[in-house]
Amino acid sequence: MKEHTPLIVRALRNEVTERPPVWFMRQAGRYLPEYRELRSKHTFLQMCHTPELATEVTLQPLRRYPFDAGIIFSDILLPLESMGAELEYIPGTGPVIRNPVRTAADVRALKDFDPIRDLPAPMEAIRLTTAAADVPILGFAGAPFTMACYLIEGQGSRNWPETKRLMFGQPKLFDELLNRLADAVGDHLQAQIDAGAVGVQLFDTWAGVLGPADFQRWALPANRRALKRASGAPTMFFTKDSAPFLPWLRDIEADAYAVDWRVDIGAARKVLGDVPIQGNLDPQALHAPHDEIRRRVRSIIETAGPKGHIFNLGHGITPDIEPAAVEAAVEAVHAHRWS
Ligand code: CP3
């Protein structure tokens, strides 16, 4: 299908590229009118579980913008549903789990997760999307700690008090839960690679609520355990508050690291060393005038340098972003040439 090695594959191999490849976290979603139109006819979970709908949504941003990769439309919490969580997505509230995990009996009642048996839709959507798109498709999963947060709390939270009560109060049980989740998401990543994903990203959105010692004690080894189960394509690791953890991040043994916008990408590179880096435009900078967006895009590219840089946002696009702002940012990446 594609004769030359795609730009994103080259950047993930830490090669010098003529410009950085670009994709955006949450590039498929509610900021696009065509997503909202389809979403008005189906629930979010129906869309995730129907390969044809997930494929259509994955392709929507690729029709509008010259992104260098698609990311499969799905959600990090779907494996929890297969493991026994009663999961719902409530507009305005976000994900809710009606039967949160709080005790040893709850942890032990979780079912084992076999992605091919329990959650075939994302893999089928990867096959369909890969056949239909001109660019490679990425897979993803939630990191064990972030999955544990939702599973224990039962919904999004600012302080995650129940999660920390369990983590600090029953550390052995929390280890057991993280290990179960690591094995589940590791197998999920592998199944997506086997289905044709050219790379996979692990999202540890909430790891930033941990202090550095707790990050090293809990989130870090669980992430390494998950990624050890996945081979055959490069792995990327994202956390929303990367700065405090940069000195230890490479112990996760991912192939590339995605950093948020609160860290200077050049400074992050110095700490991380010679490894592919992804990022890191402030998603809310997409509210800026287009000239300012272009200026910021250029500045990030110049600071990151020509080797092993994948341009992305520092976190997902929010539903209030104008589609034209996304176009301005993506075009600015395409306009760049390292001479
Ligand atoms: O990036 C992509 O375009 C691929 C699809 C994708 C979604 N969620 C679709 C989605 C990805 C990669 C995710 C990851 C995800 N999901 C994360 C990690 C990244 C991050 O954003 O921090 C987390 C924490 C979740 C859990 C989740 N799913 C939340 C908190 C919500 C509610 C968000 C909100 O603003 O309402 C979701 C729902 C969700 N996942 C939507 C989409 C497009 C919106 C669903 C809708 O249409 O109502």
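This is a predicted model: local features need pLDDT of at least 70, side-chain atom pairs count only at pLDDT 80 or more; totals for chains, interfaces and linings use all residues.

The numbered points cover the domains, their interface, the ligand site, the backbone and the salt bridges.

1. Domain 1 takes in residues 1-27 + 282-339, while domain 2 takes in 32-64 + 69-258. Over C-alpha atoms, the centres of domain 1 and domain 2 are 23 Å apart.

2. Extent of the interface. On the side of domain 1, 14 residues make contact, and they meet 23 residues of domain 2. The area buried between domain 1 and domain 2 is about 1,500 Å², and carbon and sulfur atoms account for 72% of it.

3. How many salt bridges cross between domain 1 and domain 2? The rule finds zero. Polar contact between domain 1 and domain 2 amounts to one residue pair, counted with both residues at pLDDT 80 or more. Helix H1 (residues 7-12) gives the most to the side of domain 1 that touches domain 2, namely three residues. By class, that side of domain 1 has 10 nonpolar residues, three polar and one charged.

4. In the case of tyrosine 35, a polar side-chain atom is 2.6 Å from an oxygen atom of the ligand. For aspartate 75, an N or O atom of the side chain lies 2.7 Å from a nitrogen atom of the ligand. Threonine 205 has a side-chain N or O atom 2.8 Å from an oxygen atom of the ligand.

5. Backbone points to check. Most residues other than glycine have a negative phi, and most peptide bonds are trans. Arginine 26 sits in the loop between H1 and helix H2 (33-39). The peptide bond between glycine 279 and asparagine 280 is cis, with omega about -10°. Asparagine 280 belongs to strand S8 (residues 277-281).

6. Salt bridges. The structure holds 24 salt bridges. One of these joins arginine 19 to aspartate 68, with 2.9 Å between the closest N and O atoms. Arginine 19 and aspartate 68 are 49 residues apart, and the pair links distant parts of the chain. Arginine 19 is in the loop between H1 and H2, and aspartate 68 is in the loop between helix H4 (51-64) and strand S1 (70-71).

Methods: Residues are numbered from 1 along each chain as its sequence is written. Side-chain values use heavy atoms; hydrogens and water are left out. Domain bounds come from an automatic or database domain assignment. Contact means heavy atoms within 4.5 Å. Buried area is the accessible area (1.4 Å probe) that two parts lose on being put together, summed over both. A salt bridge is a side-chain nitrogen of Lys or Arg within 4 Å of a carboxyl oxygen of Asp or Glu. A polar contact is a pair of N or O atoms within 3.5 Å; within protein, one must be able to donate a hydrogen and the other to accept it, and residues adjacent in sequence count only if both atoms are side-chain atoms. Helices (H or I, at least four residues) and strands (E, at least two) are DSSP runs, numbered from the N terminus. Ala, Val, Leu, Ile, Met, Phe, Trp, Tyr, Cys and Pro count as nonpolar, Asp, Glu, Lys and Arg as charged, and the others, Gly among them, as polar.
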